[in-house]
Amino acid sequence: MEVGEVYSRQQLDEAEGEQIEALKARSQQPIPDPDQWLEGELKRNILLTSVDAILDWARRSSMWPVVCFPACCAFEFITTAASRFDISRFGMEIIRASPRQADLMITAGTLTWKMAPQVKRIYDQMAEPKWVIAMGACAISGGIFRSSYSVVPGYNRIIPVDVYVPGCPPRPEALLYGIRMLHRKIAKMSIAAKGE
Ligand code: SF4
């Protein structure tokens, strides 16, 4: 040890060696990733799905029907929309007076040839993609008025129909079943198949 030194060089080397050995002893295993909790968090909060599935889910969960109630089936539709049956559970409670804000036509009533151009115009002005439920015997085939010169023998003569709900009139349960059938149909749509 030289004059003026508190510790000799050998003591300093030994102290440094001890520190290094202590560090080596503490460092035998890798330190766990501090962000590991993120993995569990992501698993709990991220739902992987396809674009088709999410689009179809959004479409069928928010269909807005346009006003098209030319005859007595309309009352069953109104009952379906009221609180006991309540179509708001499907996001459908907003009955649109403007076809531009609607994507579903529920044809609740007899259609005459005189009214047919107006109904077709309403359908043509609806937003794409759009769907039609033919509600009741008159909507499907003209019903008991089929042989009349003035009655359209089914809405499918002027617009494409997706789901047919038979009855004269169909009860609200039947219309709800028809709506569920349409939901199933929409769930199978694909943007790849139709470019929508
Ligand atoms: S199906 Fe029956 S209830 Fe419905 S519009 Fe025709 S006649 Fe009226």
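**Reading salt bridges, a sheet and a ligand shell**

A: E173 has a relative accessibility of 40%, so E173 counts as partly exposed. R171 is partly exposed as well, at 47%, and the side chains of E173 and R171 meet in a salt bridge with an N to O distance of 3.0 Å. Keep in mind that this is a predicted model.

Q: How many salt bridges does a search of the whole structure find?

A: Side chains of opposite charge can pair when their charged atoms come close. Here the search finds 3 salt bridges.

Q: Where do D124 and K120 lie?

A: Both are in helix α5 (residues 116–125), 4 residues apart, which is about one turn of the helix.

Q: Which parts of the chain does the pair K185 and D162 link?

A: The side chains of K185 and D162 form a salt bridge, 3.3 Å from N to O. This pair links distant parts of the chain: K185 sits in helix α7, while D162 sits in the loop between α6 (137–141) and β4, 23 residues apart. K185 is partly exposed at 40%, and D162 is partly exposed at 24%.

Q: Is R184 buried or exposed?

A: Exposed means over 50% relative accessible area. R184 has 55%, so R184 is exposed. R184 is found in helix α7 (residues 172–187).

Q: In what order do the strands of the sheet run?

A: Strands of a sheet pair through backbone hydrogen bonds, either parallel or antiparallel. In this model 4 strands form an open sheet in the order β1-β2-β3-β4, with parallel pairing. The edge strands, β1 (65–66) and β4 (163–165), each pair on one side only. Strand β2 (residues 104–108) is joined to β3 (residues 131–135) by 5 bridges, and L104 stands opposite W131 in β3.

Q: Which residues form the nonpolar patch on the surface?

A: The patch consists of W37, L38, L42, I46 and L48, with about 570 Å² of accessible area together. I46 is in the loop between α2 (36–45) and α3 (51–60).

Q: What classes of residue make up the shell around the ligand?

A: The shell has 8 nonpolar and 3 polar residues, and no charged ones. The residues surrounding the ligand include C72, C73, G109, T110, F145 and P169.

Conventions. Residues are numbered from 1 along each chain as its sequence is written. This is a predicted model: local features need pLDDT of at least 70, side-chain atom pairs count only at pLDDT 80 or more; totals for chains, interfaces and linings use all residues. Side-chain values use heavy atoms; hydrogens and water are left out. A residue is near a molecule or strand if one of its heavy atoms lies within 4 Å of it. Ala, Val, Leu, Ile, Met, Phe, Trp, Tyr, Cys and Pro count as nonpolar, Asp, Glu, Lys and Arg as charged, and the others, Gly among them, as polar. Patches are made of residues with over 30% relative accessible area and no salt bridge: like charges are joined within 9 Å, nonpolar side chains (Val, Leu, Ile, Met, Phe, Trp, Tyr) within 5 Å. Accessible areas come from the Shrake-Rupley method with a 1.4 Å probe; for residues, only the protein chains shown count as cover. A salt bridge is a side-chain nitrogen of Lys or Arg within 4 Å of a carboxyl oxygen of Asp or Glu. Helices (H or I, at least four residues) and strands (E, at least two) are DSSP runs, numbered from the N terminus. Two strands pair if DSSP finds at least two bridges between them. Buried means under 20% relative accessible area, exposed over 50%, partly exposed in between (1.4 Å probe, protein chains only).
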